[in-house]
Structure formats: C-alpha cells, structure tokens
Amino acid sequence: MAITRAADVLATWESGVAQGPAGRALLLHGAARPELGGDREALLALPVGEREADLFALRRALFGERMQVRLECGACGADMEFELDAGEFARTLADRGDSLVRIAEDGWEVAFRVPGVADLTAAAGAADPRRALLARCVTDAARDGRPVSADALPAAVQRRIAEAARAADPGGDVTLTIACPECGEGTRAELDIASYLWTELDAWARDLLLDVHLLATAYGWSEPDILALSPLRRRYYLELCADA
C-alpha cells in the first residue's frame with residue numbers, strides 16, 4: 001500500500017527538494033512501493049511501465065482520480081485544458097505482458113527483457129542510445145540457429161523488438177493525442193506522471209507547512225501533533241483561527 005500518512009509524504013517531499021527529476025521519480029516510486037523498503041536497485045530494475053502504473057496509483061491515493069492537464073495546441077497555439085483519470089491509467093498500465101519477450105523474424109530469433117528505468121538511464125548517456133539499450137536488454141540472439149551479438153541485429157529486427165516491447169509494457173511510453181477544440185488538429189504530448197505528481201506534491205507540502213505554522217502559532221501544538229490531525233480537522237481549526 002502506498003505511503004499516504006501526512007508526515008511520511010512530507011518526509012518524501014523534503015528528501016526530494018534538492019534532487020533532480022530522476023531522483024524525485026525514484027523517491028515517488030519508493031513511496032508508491034513501500035514494501036520494497038527503499039531498495040534503489042529493486043526499484044530501478046522494474047519495467048518502466050510498472051513504475052508509471054505505480055505513480056498513477058500513488059497520485060490517486062494522495063490527490064484523487066481527476067487530473068487537470070493543460071496543453072498548447074501544436075497547430076494554432078490555443079490553450080487546451082482537459083481531465084484525465086489517474087485510476088484508469090493505473091489499471092490500464094498495470095496490464096502488462098511478460099518481462100521476457102521473444103520474437104522471430106526471417107531466421108532471426110531474439111529474446112530480450114523489457115527495459116527497466118536503470119536501462120533507459122544508462123542508455124540515455126551513451127553515444128548511441130538504441131545500441132546501448134539493445135546491448136543491455138537482449139539476452140539471447142541467433143540467426144539460423146547460430147548465436148550472434150545484439151550489434152548484429154538488422155533494423156527490421158530492431159523495429160520488431162521495439163514493437164514487442166511496447167506491447168509487453170505499454171506504460172513505458174505514455175503519449176496522448178489531444179484534438180484542439182479551436183482548429184481540430186491533434187497534438188501529441190508525452191505524459192510525464194513523475195513530473196506532474198512532483199509539482200502537485202510540492203504545492204501540497206508548502207501549503208501544509210503553512211497550515212502547521214498557523215496552527216502552531218495559534219495553539220502551541222507541535223508539528224507531529226498537527227500532522228496527525230485529519231485534513232478535515234486541520235481545516236476546521238484553521239477556520240476557527242481565521243474567525244478569532
């Protein structure tokens with residue numbers, strides 16, 4: 001079960017303030033999967049789509065299902081605003097195939113594992129990211145029964161691998177196509193749930209700390225005592241402070 005207690009979520013935010021996007025995504029994933037005990041290697045080894053599904057589930061647990069998204073039309077520049085369902089994304093992306101996938105193409109036989117976060121991170125820093133990713137994820141390759149290296153795979157086979165990886169782990173690349181209400185053209189955009197969720201968490205944490213300051217000033221309560229209150233009770237006490 002995801003971490004949802006106010007004090008624990010606030011601690012996650014505090015740990016991520018000084019970190020970059022990758023570090024924050026890892027912290028959020030750890031909050032979504034507390035049963036892993038913050039095991040960095042275990043989190044990084046999970047398929048990318050599994051992480052995305054976990055983060056959508058965490059977003060639902062913390063802030064509800066409805067997500068407000070704004071996007072600029074790539075054709076006419078109009079500002080588009082629409083809603084997404086975090087729960088639906090969590091359920092859909094959780095429906096994945098096997099992590100180990102096999103394909104056959106014109107005498108080629110290839111087995112590869114669906115990329116994890118660590119694989120994409122490592123490949124992104126290479127001179128040839130696609131080649132680096134193949135080298136990390138292809139576990140076995142042969143042509144007409146004879147073993148070959150991942151470097152020997154032709155473009156057609158590489159495309160088949162990419163297609164099979166998307167089918168096995170559709171959450172590895174969450175891309176939306178939104179029709180503009182003004183001009184009717186479609187705009188494609190990648191949905192970065194880690195960045196979206198961090199932005200929400202940052203705003204929530206700063207608001208909560210302000211609430212703690214106001215209640216501590218008014219009643220002399222400690223931060224742990226205030227955080228232990230339910231959101232409804234905190235809001236009620238804040239209203240009493242404002243009316244005083």
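Author: Of the 44 residues in the largest nonpolar core, F56, L84 and F89 touch the most other members. A nonpolar core here is a set of buried Ala, Val, Leu, Ile, Met, Phe, Trp, Tyr and Cys residues joined through side-chain atoms within 4.5 Å. Buried means under 20% relative accessible area, exposed over 50%, and partly exposed in between, with a 1.4 Å probe and protein chains only. Helix α9 gives the most to this core, with ten residues.

This is a predicted model, in which local features need pLDDT of at least 70, side-chain atom pairs count only at pLDDT 80 or more, and totals for chains, interfaces and linings use all residues. Residues are numbered from 1 along each chain as its sequence is written, and side-chain values use heavy atoms, with hydrogens and water left out.

Leaving aside neighbours within four places in sequence, F89 is in contact (heavy atoms within 4.5 Å) with F56, L84, V174, L176 and L191. A second, separate core of 16 residues includes V101, I103, V114 and I161.

F89 is also one of the buried residues of helix α5 (residues 86–93), together with A86, G87, A90 and L93. Seen down the axis of α5, these residues fall within an arc of 165°, so they line one face of the helix. The arc is that of the directions from the helix axis to the C-beta atoms. The cover over the buried residues of α5 includes α4, β1 (66–72), β2 (79–85) and β7 (175–179). Helices (H or I, at least four residues) and strands (E, at least two) are DSSP runs, numbered from the N terminus.

Helix α4 also holds R51. R51 is buried, with a relative accessible area of 17%. Not counting residues up to four places away in sequence, R51 touches A25, H29 and V117.

A25 leads on to the packing of α2 with α9: R24, A25 and L28 in α2 meet A194, L197, W198 and L201 in α9. The residues of this contact divide into six nonpolar, no polar and one charged. Ala, Val, Leu, Ile, Met, Phe, Trp, Tyr, Cys and Pro count as nonpolar, Asp, Glu, Lys and Arg as charged, and the others, Gly among them, as polar. The two helices pack at an angle of about 80°, with their axes 10 Å apart. Axes are lines fitted to C-alpha atoms, for helices over the stretch in contact, and angles run from 0 to 180 degrees between N-to-C directions. Helices α2 and α9 are therefore roughly perpendicular to each other, a term for angles of 65 to 115 degrees.

Methods
Parallel < 35°, antiparallel > 145°, perpendicular 65-115°, else oblique.
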